[in-house]
Amino acid sequence: MIIDAHSHILSLAEDPEFTIAYGREGSLCIYRSMGLLPSHRMPTEREWEASGSTRKGWPVIGPAESLRDHPGFDKVVVLAISPQWLDGRLIGTVDSEGILGVEGPPHPDLANDYIAAVVRHDPERVIGFGSVNPAYRGPEAAVEELERAVVELGLAGIKLYPMYQHWAANDPDLAFPVYEKAQELGIPVMIHQAGSTRIDAKLELGRPAILDDIGRVFRDLRVIVAHCGWPWVDEALFLLTKHPNFYAELSYLIASIGRRDLFLLLSRCEPMFVPLEKLFFGTDYPGFLYDPVALREKLLTVNEEAEACAMPPVPESKLDGIMGDHFARFLGLVDD
């Protein structure tokens, strides 16, 4: 089975142009590193246009476009973004074009309803993860919304964004009630515990080690470390070593390193006592350079680096597992 365990969809605000601007901020460093934009000062509007990248950071796409851009994939996980305030604007997953038929005017409060509607578009191929923000209206409201997203809307898991929403993933008052409910419901929790190129995101809240408290307190909760903790990859991997119910997905990281570095990373997991069965393929589509087909090819061809590194290849069965079988077993989509 081939699964993208980490993708996004729709807009980030009622005005879809905001999503484009948001993507531009996050992609500035990428296009500077490619020599497409000046690095010694902020680029002008003309330079953005000339680069051809001004609208590529995070394009607004719907379910049809997402499935179109995942040819050969059996399933795609789409992740909600829960409401948060950014520079005085309420943002979060919004169907700004009204293509999904969710009742009411477009609003981030309906983030989980939009993701449920995306799943209904193609329930055989789309897996929906909801999202809550305990700092938005408090942990009690977040717990109620989490239960609604799973029990009423049928979403399969939840994605959390502590560093973007300025709360700590190990905060016992804000965060722990959410984990307790997720553990009760038996759903996995994916947490953006990694870096970010967003200026407003708080890096000190992104360190993977913060999740250690969750593993110690909620022994039965299944946790997915998003982006394998990049750039704190070893820290994230050690969490997978320590906690039996911790896993990681490779999105963002897999696009940020070369194929040889990816081969070396996978080769050192098991010597670090990290079973490769704990790793899932993900892309972070549609942002930046996260082409699902190109990233799938990068992963499945890593063994072409083995000879140059004078190292044994990664077993093909384990590469296939990372591509989707591991995540399918994790979610109970196939027999164990």
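Modeller: Helix 1 gives the largest pocket the largest share of its lining, five residues. This is a predicted model. Helix 1 spans 16-33, and helix 11 spans 253-256. Each of these two helices supplies at least two lining residues. In total, 31 residues line the pocket. Nearest its centre lie Tyr164, Arg198, Asp284, Phe288 and Tyr290. The space inside the largest pocket comes to about 500 Å³.

Now the buried charges. Helix 13 covers residues 292-300 and includes Lys298. Lys298 is buried, yet it has no salt bridge. Asp261 is the nearest side chain of opposite charge, 8.8 Å away. The cut-off for a salt bridge is 4 Å, so Asp261, at 8.8 Å, does not pair with Lys298. A backbone atom does come within reach: the oxygen of Ile254 lies 2.8 Å from a polar atom of the Lys298 side chain. Leaving out residues up to four places away in sequence, Lys298 touches Ile254, Ala255, Ile257, Gly258, Arg259 and Leu262.

Arg296 also lies in helix 13. Arg296 is buried and has no salt bridge. Its nearest side chain of opposite charge is Glu297, at 5.9 Å. With neighbours within four places in sequence set aside, Arg296 is in contact with Ile2, Pro71, Gly72, Phe73, Phe281 and Met323.

Methods
Residues numbered from 1 in each chain as written. Predicted model: local features only at pLDDT ≥ 70, side-chain atom pairs only at ≥ 80, totals over all residues. Heavy atoms only, no water. Helix = DSSP H or I, 4+ residues; strand = E, 2+ residues; numbered from the N terminus. Buried < 20%, exposed > 50% of the residue type's maximum accessible area, 1.4 Å probe, protein only. Lys, Arg positive; Asp, Glu negative; His and termini not counted. Polar contact = N/O pair within 3.5 Å; in protein donor to acceptor, adjacent residues only side chain to side chain. Contact = heavy atoms within 4.5 Å. 1 Å grid on protein atoms, 1.4 Å probe; cavity = no way out; pocket = protein on both sides within 12 Å on 5 of 7 lines; lining within 4 Å. Points joined across faces, edges and corners; volume = space filled by probe spheres on them.
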